[in-house]
Amino acid sequence: MEFTNSPVCIKDLEHIASKVMHPSALSYYNSGADDEQTKLDNIAAFDKYRIHPRILRNVTAISTETTILGQQIATPLGIAPCAMHMLAHPAGELATSRAAAQHGGVMILSTLSTIALERVIAEGNSDMQYWMQLYVLSDWSITEKIVQRSERAGFKALVLTVDMPILGRRRDDIRTRFIPPPHIHLENFFDPESASNSEGAAPSTYNDVPELLLAASVAGGNPAVTWDNVIPWLKSITKLPIILKGILTAEDTKLAISYGCAGVIVSNHGGRQLDGTLASIDALPHVVEAAEDKIEVYMDGGVRKGSDIFKALALGARAVFVARPVLWGLAYDGEAGAKQALDLLQNELKLTMMLSGTRTIQEIDDSYVLEPVTQWIQSSVRRQKRANHNDIEELKSKL
Ligand SMILES: Cc1cc2nc3c(=O)[nH]c(=O)nc-3n(C[C@H](O)[C@H](O)[C@H](O)COP(=O)(O)O)c2cc1C
Ligand SMILES: CCCCC(=O)C(=O)O
């Protein structure tokens with residue numbers, strides 16, 4: 001039998017990336033916080049949910065189109081924000097953006113991108129949306145400038161990352177003493193207007209704060225950010241919808257609604273922040289219930305297969321985001337590799353839809369998934385029924 005060398009699943013891409021990436025960049029990409037319990041559980045938890053398929057339906061035409069924040073997109077699969085794509089490939093976020101554009105969906109660009117946000121979004125088209133991820137820098141005026149630039153450039157939403165009051169402790173990054181190589185720049189920290197002031201001059205960073213200090217201010221987290229200081233402030237400087245990334249509880253979902261946010265991303269930052277939380281897929285149903293359809297709920301964390309996307313949609317996610325799979329694809333083969341990661345997931349999603357008798361994203365509701373507890377209850381109900389039946393037979397035989 002002949003075997004193909006090209007990747008046939010995300011696990012293959014992960015394996016290839018582990019061979020081609022620089023060890024310290026690889027460990028930065030793959031690391032989780034502390035014991036990595038949450039990072040691992042994000043993946044393992046999907047297995048507890050089982051698909052409840054329907055058969056003998058005409059599944060010749062499958063559509064993954066959906067709407068997000070009221071706008072049509074080709075698929076509910078998107079790219080989660082990740083710092084420094086140039087660690088994976090010299091074309092960095094440009095390559096990712098080109099891959100995303102051929103695919104549809106949503107690309108969330110990290111504040112810490114290595115290509116300026118204007119150049120990244122220039123690769124897009126009407127099948128997709130770009131959202132801009134924000135960290136509140138120690139100098140809030142710089143975050144404000146990034147917000148204004150994003151709005152001008154056509155980003156459709158702002159994604160405020162709320163699970164990093166301080167950086168999680170990623171042991172492998174400490175062991176490898178990870179620091180980004182000097183040829184990589186965090187382009188969004190450079191003022192695009194500064195270059196036009198003097199002919200041929202390189203742009204300088206905002207407020208002349210050195211790039212490394214700005215990066216350090218992100219890496220240090222911003223422990224003073226609160227509901228009351230950040231959300232009203234953001235709303236006062238932008239008309240874009242605000243989405244909170246890093247929500248894991250019903251309580252914070254209700255607060256997000258009351259503060260006028262447009263959506264939440266159920267996420268534990270890929271297990272890179274607080275270790276020991278619920279896996280994202282386990283937290284999702286609580287958040288969906290608390291959202292009461294008042295705001296959109298998305299999720300990321302541990303999505304490695306089309307069936308994972310299907311399960312998340314069935315549990316109420318409006319869209320699902322992936323981070324590491326795209327980074328591994330990028331490391332493997334730049335734009336083509338990132339596209340391959342998205343294609344693998346998209347094709348597996350379509351396959352799952354066909355095999356489970358669902359033709360549209362709207363059809364995928366909670367009747368298509370068995371939650372762990374439900375599964376347990378159902379099997380014990382079955383056991384009970386058998387036991388009762390036997391009892392009746394027994395009783396009858398004794399009549
Ligand atoms: C290398 C790397 C860099 C990341 N950078 C950011 C970032 O800049 N901003 C952010 O909000 N989340 C960041 N994240 C978290 C992801 O957006 C996402 O929540 C998480 O990785 C999803 O899990 P997955 O990697 O299992 O798909 C990063 C994750 C990784 C792996
Ligand atoms: C300083 C770290 C910011 C990027 C990030 O969010 C991550 O690596 O998880």
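## Terms and model

Two residues are in contact if their C-beta atoms, placed from the backbone, lie within 7 Å. This is a predicted model: local features need pLDDT of at least 70, side-chain atom pairs count only at pLDDT 80 or more, and totals for chains, interfaces and linings use all residues. Residues are numbered from 1 along each chain as its sequence is written, while chains are lettered from A and ligands numbered from 1 in the order in which they are written.

## Annotated residues

An unreviewed UniProt entry lists Tyr28, Tyr135, Arg170, His269 and Arg272 under "binding site". Such annotations may be inferred rather than shown by experiment.

Arginine 272 sits in the loop between β9 (263–266) and α12 (280–291); helices (H or I, at least four residues) and strands (E, at least two) are DSSP runs, numbered from the N terminus. Arginine 272 counts as buried because 25 C-beta neighbours fall inside 10 Å (the cut-off is 20 or more others within 10 Å). Beyond four places in sequence, arginine 272 touches Ser31, Gly32, Ala33, Gly168 and Arg170.

Tyrosine 135 occupies the loop between β6 (128–134) and α6 (140–153). Tyrosine 135 is buried too, with 22 such neighbours. Outside four places in sequence, its contacts are Thr111, Thr161 and Val218.

## Ligand 1

The shell around ligand 1 holds 23 residues (C-beta atom, placed from the backbone, within 6 Å). The closest are Ala80, Ser110, Thr161, Gly270 and Ala323. By class, the shell has 10 nonpolar, 9 polar and 4 charged residues (nonpolar: Ala, Val, Leu, Ile, Met, Phe, Trp, Tyr, Cys and Pro; charged: Asp, Glu, Lys and Arg; polar: the others, Gly among them).

Conventions
A residue is buried if 20 or more other C-beta atoms lie within 10 Å of its own, exposed if 12 or fewer, and partly exposed in between; C-beta atoms are placed from the backbone.
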